[in-house]
Amino acid sequence: MSNSYGDWQKARNVCVIGAGTMGTGIAMALANGGIEVRLTDQDPQAVERSLDMMRRNYARSVKSGRMTEADAAARMARIAPETDEAGFGQADILIEAVFESLDLKKQVFREMDRFAKPGALLATNTSTLDIDVLAACTSRPEMVLGTHFFSPANIMRLLEIVRGARTSPTAIASAMALAKAIKKVGVVVGNGFGFVGNRLVIPYMNEAQFLVEEGATPEQVDRVLTEFGMAMGPLAVADLSGVDVFWRIDQEKPRVPGAREPLGTSLLYSLGRYGQKTGAGWFRYGDDRKAQPDAEVAALVQAEARKH
């Protein structure tokens with residue numbers, strides 16, 4: 001990979017590690033921008049589910065007239081599925097998009113560093129974790145940074161580019177050029193828990209849960225916020241991103257002694273209610289993925305609150 005900003009825009013090969021919801025969206029965002037993508041996951045079924053999700057998303061876009069069948073086919077053709085590290089060495093940038101677990105991400109970064117070619121960027125899609133801890137797992141900390149996409153990654157335009165203590169200007173410029181190439185709004189941010197977006201979102205989501213604990217229903221909370229002007233209510237956002245994703249973030253976040261902690265995320269996670277992906281979270285979902293009220297949720301959360 002070249003060390004200049006201008007030449008980076010010509011780089012055409014990215015490897016996405018992790019074929020879950022975020023990895024799927026990132027792969028689509030890259031393919032939509034004309035970039036060749038290698039999508040890899042150790043679980044072959046995860047890769048197949050990801051490809052099926054992409055086909056369905058593109059089919060909806062064709063049906064709605066947002067793109068032609070030829071466009072959809074061309075974008076799918078840019079995505080090569082893999083189940084091992086074979087594609088790591090071909091990529092100009094490797095983007096890790098596995099579960100929000102620091103130990104797992106450290107393991108993945110060691111593997112990326114081992115197989116990636118010299119000069120390749122090693123990026124993480126973490127939404128909250130310490131970039132410098134991941135960089136320390138590699139022999140090239142100057143080429144490590146965060147590329148935090150927001151869900152759904154193929155639609156949301158913001159891309160946080162997280163600068164670690166040793167991230168080089170070349171790496172930052174290259175990531176900014178990638179953002180431009182795929183029509184994202186790249187914003188360079190510092191390396192603090194939650195960066196910028198989630199430092200705002202986490203307290204906002206906590207307060208939404210507190211309202212349910214105190215007697216409101218999820219639909220009341222979300223209706224007030226959408227009437228205020230939000231595109232989606234906070235609890236519907238949790239269901240879209242995945243209650244399990246928010247649970248993992250909660251496990252890693254620093255604790256403030258004496259601070260009130262929300263109860264709903266852990267409760268829903270324990271019940272397997274992860275949101276849209278399981279058909280139930282704060283709301284219930286059918287095939288159309290439209291949020292439907294579920295009176296059981298408010299009763300469960302409020303009962304949990306009474307215990308505390």
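User: How many positive and negative side chains does the chain have, and how far apart do the centres of the two sets lie?
Analyst: This is a predicted model. The chain carries 36 positive side chains and 37 negative ones. The centres of these two sets are separated by 4 Å.

User: How many helices and strands does the chain have?
Analyst: Both kinds of element occur here. The count is 13 helices and 10 strands.

User: What is the radius of gyration of the chain, and why is the chain called as compact as a globular protein of that length?
Analyst: For 308 residues the globule rule gives 19 Å. The chain's own value is close to that, so the chain is as compact as a globular protein of that length. Its radius of gyration is 20 Å.

User: What share of the residues is buried?
Analyst: Buried means under 20% relative accessible area. The chain has 308 residues. Of these, the buried share is 49%.

User: Where is Ser-270 found?
Analyst: Ser-270 belongs to a helix that covers residues 264-270. That element is helix 12.

User: Is Ser-270 buried or exposed?
Analyst: A residue counts as exposed when its relative accessible area is over 50%. Ser-270 has a value of 54%. Therefore Ser-270 is exposed.

User: Which residue has its backbone oxygen 2.6 Å from a polar atom of the side chain of Ser-270?
Analyst: A polar contact needs a pair of N or O atoms within 3.5 Å. Here a polar side-chain atom of Ser-270 lies 2.6 Å from a backbone oxygen. That oxygen belongs to Leu-267.

User: What distance separates the C-alpha atoms of Ser-270 and Lys-106?
Analyst: Along the chain, Ser-270 and Lys-106 are 164 residues apart.

Terms used. Residues numbered from 1 in each chain as written. Predicted model: local features only at pLDDT ≥ 70, side-chain atom pairs only at ≥ 80, totals over all residues. Heavy atoms only, no water. Helix = DSSP H or I, 4+ residues; strand = E, 2+ residues; numbered from the N terminus. Rg over C-alpha atoms; globule rule 2.2 N^0.38 Å. Buried < 20%, exposed > 50% of the residue type's maximum accessible area, 1.4 Å probe, protein only. Lys, Arg positive; Asp, Glu negative; His and termini not counted. Charge placed at Lys NZ, Arg CZ, Asp CG, Glu CD. Polar contact = N/O pair within 3.5 Å; in protein donor to acceptor, adjacent residues only side chain to side chain.
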